[in-house]
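This report goes through salt bridges, pockets and a surface patch in turn. The sequence and structure come first.

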Amino acid sequence: MNHPIGSTPYARRRRRPRWLTYVLVGLVLAPVIEITVLVLVGKAIGIGWTLLALLALTLLGTWLMRREGSRTWKALREASRTGRMPSREIADNALVLIGGAFLLLPGFVSDLIGLFFVLPFTRVFARGLLEAFVASRVLVAVPFPGRGPGAPGPQGTIRGEVVD
């Protein structure tokens, strides 16, 4: 019996991307870590002070996110107006957006991560990590045209073999 390619009874299942596994594990571990830290802080300083600290961090994070967001948008507009490539400004805007999302989540650990992305003096390190991540993904995922098996030949032809 002829089966189309990839649909044989013994065809291998598609593997889940590794990054998706990390995301799923993170989604399970994040609430556990946040609750553990909240309980430990609550035991150490009391429930009232813990709630007050969470409220203060939320207000500080909201104010900081608005301030840094407007600064990065202003820098992006300025770079665009002068005709300069705004790669740094785009990265900063993305980091402030990610940091803002973390600041909106309740908990001390997510607030620390959010502050790392939003604060200007730590965002430099976060931008370096983001640039390294993007460079590794782009250089690995995008093949150079005209190289490797199955690439078009000199006149745009692709060498192959017809199987009936």
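## Salt bridges

Arg84 is partly exposed, with a relative accessible area of 44%; the class lies between buried, under 20%, and exposed, over 50% (1.4 Å probe, protein chains only). The model is predicted, so local features need pLDDT of at least 70 and side-chain atom pairs count only at pLDDT 80 or more, while totals for chains, interfaces and linings use all residues. Residues are numbered from 1 along each chain as its sequence is written, and side-chain values use heavy atoms, with hydrogens and water left out.

The side chain of Arg84 meets that of Glu89 in a salt bridge, at 2.9 Å from N to O. A salt bridge here is a side-chain nitrogen of Lys or Arg within 4 Å of a carboxyl oxygen of Asp or Glu. Glu89 counts as buried, at 4% relative accessibility.

Helices are DSSP runs (H or I, at least four residues), numbered from the N terminus. Arg71 is partly exposed at 46% relative accessible area, whereas Glu68 is buried at 2%. Glu78 is partly exposed, at 38% relative accessibility, and Arg81 is exposed, at 62%.

| Salt bridge | Distance, N to O |
|---|---|
| Glu89 and Arg84 | 2.9 Å |

The count of salt bridges comes to nine. A network of salt bridges links Arg67, Glu68, Arg71, Arg84, Arg88, Glu89, Asp92, Arg123 and Arg127.

## Pockets

A pocket is an open set of points on a 1 Å grid over the protein atoms alone, where a 1.4 Å probe fits, with protein on both sides within 12 Å along at least five of seven lines; lining residues have an atom within 4 Å of a point. The volume is the space filled by probe spheres set on the points.

The largest pocket holds about 300 Å³ of space. It is lined by 13 residues, and the closest to its centre are Ala30, Glu34, Phe102, Leu105 and Ser110. Helices α1 (18-45) and α4 (108-118) each supply at least two residues of this lining, and the largest share, seven residues, comes from α1. By type, the lining of the largest pocket divides into 10 nonpolar, two polar and one charged. In this scheme Ala, Val, Leu, Ile, Met, Phe, Trp, Tyr, Cys and Pro are nonpolar, Asp, Glu, Lys and Arg are charged, and the others, Gly among them, are polar.

The second largest pocket holds about 220 Å³. Its lining consists of Leu95, Ile98, Phe102, Phe117, Ala126, Leu129, Leu130 and Phe133. These divide into eight nonpolar, no polar and no charged residues. Helices α3 (87-104) and α5 (120-141) each give at least two of the lining residues, with α5 giving the largest share, four residues.

## Surface patch

On the surface, Ile45, Trp49, Leu52, Leu55 and Leu59 form a nonpolar patch with about 540 Å² of accessible area together. Such a patch joins nonpolar side chains (Val, Leu, Ile, Met, Phe, Trp, Tyr) within 5 Å, from residues with over 30% relative accessible area and no salt bridge. Accessible areas come from the Shrake-Rupley method with a 1.4 Å probe.

Note on methods
Patches are made of residues with over 30% relative accessible area and no salt bridge: like charges are joined within 9 Å, nonpolar side chains (Val, Leu, Ile, Met, Phe, Trp, Tyr) within 5 Å.
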